[in-house]
Amino acid sequence: MRLEPWPHDEQAAQLVVLDPDVVPTTDELLGWADTARERGHRLLRTSALSPPAAAVARRVGFVPIDTLALLRADADAIRSAPRPTVRTRPLRPAHHERAAHLDRAAFGDPWGNDAASFGRIRHATPIHRSRRIDVDGRIVAVAVSGAGGATGYVQRLAVHPDHQRRGLARALVLDALVWMRRRKLTAAYVNTAVTNQPALALYKSLGFHLLDEQLTIAELDLAAAGADGTAP
Ligand SMILES: CC(C)(COP(=O)(O)OP(=O)(O)OC[C@H]1O[C@@H](n2cnc3c(N)ncnc32)[C@H](O)[C@@H]1OP(=O)(O)O)[C@@H](O)C(=O)NCCC(=O)NCCS
């Protein structure tokens with residue numbers, strides 16, 4: 001696990017669980033809560049937790065703030081993805097500031113990225129493909145995808161509200177699937193809020209199917225919780 005700043009909110013920190021298959025212990029979570037408190041944070045939010053990890057977090061006082069649906073595209077869906085008809089370009093570190101700006105406009109607070117968190121998302125997997133779409137010289141849509149082993153991940157996808165419903169997200173996800181095909185990946189995963197109907201419709205239309213498992217983002221109020229996770 002790793003503690004990172006929460007974008008655009010100095011009071012909050014993010015506890016990133018790097019390996020989704022590892023279930024943290026209550027002592028580990030309380031240790032990270034102490035560290036975050038010592039660093040002056042008031043809130044500690046987790047990355048997406050598996051059901052067993054979320055259960056441990058709840059035991060030490062974390063409260064779920066978002067439930068994520070997990071979707072998977074199998075090898076067939078990856079193989080049959082057509083090339084996008086909209087041109088995508090590389091997203092480079094020099095674009096992170098502008099990409100983060102549109103990401104924040106698309107997701108809204110507290111979920112929007114800043115330039116630094118955008119960079120961290122790109123490096124969350126051993127290899128990645130990061131693309132942008134420009135309209136009139138402005139970045140209006142971005143996607144970060146990655147791969148580890150034979151598995152691909154759509155890590156982040158955002159289209160500026162002024163440019164939605166014009167096929168830009170479809171183009172970016174198709175670009176990611178074509179990239180995964182070239183790398184001979186056999187499955188792709190993506191998660192999104194269970195309430196995010198636009199994203200769910202988009203992913204399903206591209207061959208992703210919903211899995212039973214849901215993920216949880218949870219938050220701990222560090223001011224209210226004592227060192228043992230209970231109210232002081
Ligand atoms: C979700 C999001 C990326 C879609 O981007 P977009 O460029 O508007 O999507 P597209 O125009 O490529 O739409 C492709 C398909 O997705 C579905 N879709 C997209 N927006 C939709 C909406 N508002 N309502 C219902 N379906 C929608 C439709 O099936 C659509 O196909 P159609 O237009 O032929 O009906 C965009 O709304 C966004 O950035 N939202 C905020 C951030 C976010 O949710 N990111 C992804 C989740 S991790």
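Which residues does Glu 4 touch, not counting residues up to four places away in sequence? They are Ala 13, Gln 14, Val 16 and Arg 120, where contact means heavy atoms within 4.5 Å. The model is predicted, so local features need pLDDT of at least 70 and side-chain atom pairs count only at pLDDT 80 or more, while totals for chains, interfaces and linings use all residues. Residues are numbered from 1 along each chain as its sequence is written, and side-chain values use heavy atoms, with hydrogens and water left out.

Glu 4 belongs to strand β1; helices (H or I, at least four residues) and strands (E, at least two) are DSSP runs, numbered from the N terminus. With a relative accessible area of 10%, Glu 4 is buried. Buried stands for under 20% relative accessible area, exposed for over 50%, and partly exposed for what is in between (1.4 Å probe, protein chains only). The side chain of Glu 4 has a polar contact of 2.8 Å with the side chain of Arg 2 and another, of 3.0 Å, with the side chain of Arg 120. A polar contact is a pair of N or O atoms within 3.5 Å; within protein, one must be able to donate a hydrogen and the other to accept it, and residues adjacent in sequence count only if both atoms are side-chain atoms.

Met 1 sits in the segment before β1 (2-5). Its relative accessibility is 28%, so Met 1 counts as partly exposed. Leaving out residues up to four places away in sequence, Met 1 touches Leu 15, Val 16, Val 17, Leu 18, Pro 24, Glu 28, Leu 29 and Trp 32. From Met 1 to Arg 58 the separation is 57 residues in sequence and 17 Å in space, C-alpha to C-alpha.

The chain as a whole has seven helices and 10 strands. For 232 residues a compact globule would have a radius of gyration near 17 Å, and the 18 Å of the chain agrees with this. That radius is taken over C-alpha atoms, and the globule rule is 2.2 Å times the number of residues to the power 0.38. The C-alpha trace spans about 60 × 35 × 30 Å along its principal axes. Of the 232 residues, 48% count as buried. Among contacts between residues at least 6 apart in sequence, 72% join residues at least 24 apart. The chain exposes about 11600 Å², of which carbon and sulfur atoms supply 50%; accessible areas come from the Shrake-Rupley method with a 1.4 Å probe, and for residues only the protein chains shown count as cover.

Leu 43 is a residue of strand β3 (residues 43-46). A relative accessibility of 9% is why Leu 43 counts as buried. Apart from residues up to four places away in sequence, Leu 43 touches Gln 11, Ala 12, Ala 13, Glu 219, Leu 220, Asp 221 and Leu 222. Leu 43 and Tyr 189 lie 146 residues apart in sequence and 29 Å apart in space, C-alpha to C-alpha.

Helix α5 (residues 115-122) is mostly covered, with six of its eight residues buried. These are Ala 115, Ser 117, Phe 118, Gly 119, Ile 121 and Arg 122. The buried residues of α5 pack against α4, β6 (127-135), β7 (138-148) and β8.

Strand β8 contains Arg 156, which counts as buried at 14% relative accessibility. The side chains of Arg 156 and Asp 103 are joined by a polar contact of 2.8 Å. The side chain of Arg 156 also reaches the backbone oxygen of Trp 111 at 2.9 Å. Residues touched by Arg 156, beyond four places away in sequence, include Phe 107, Ile 121 and Val 142.

The ligand has 20 residues around it, and Leu 157, Arg 165, Gly 167, Arg 170 and Asn 196 come nearest; a residue is near a molecule or strand if one of its heavy atoms lies within 4 Å of it. A polar backbone atom of Leu 157 is 2.8 Å from a nitrogen atom of the ligand. For Arg 165, a polar backbone atom is 2.6 Å from an oxygen atom of the ligand, and a backbone N or O atom of Gly 167 lies 2.8 Å from an oxygen atom of the ligand. Taken alone the ligand exposes 910 Å², and the protein buries 76% of that. The elements giving two or more residues to the shell are α4 (96-107), β8 (151-159), α6 (168-182), β9 (187-193) and α7 (197-205). Helix α7 gives the most, with five residues.
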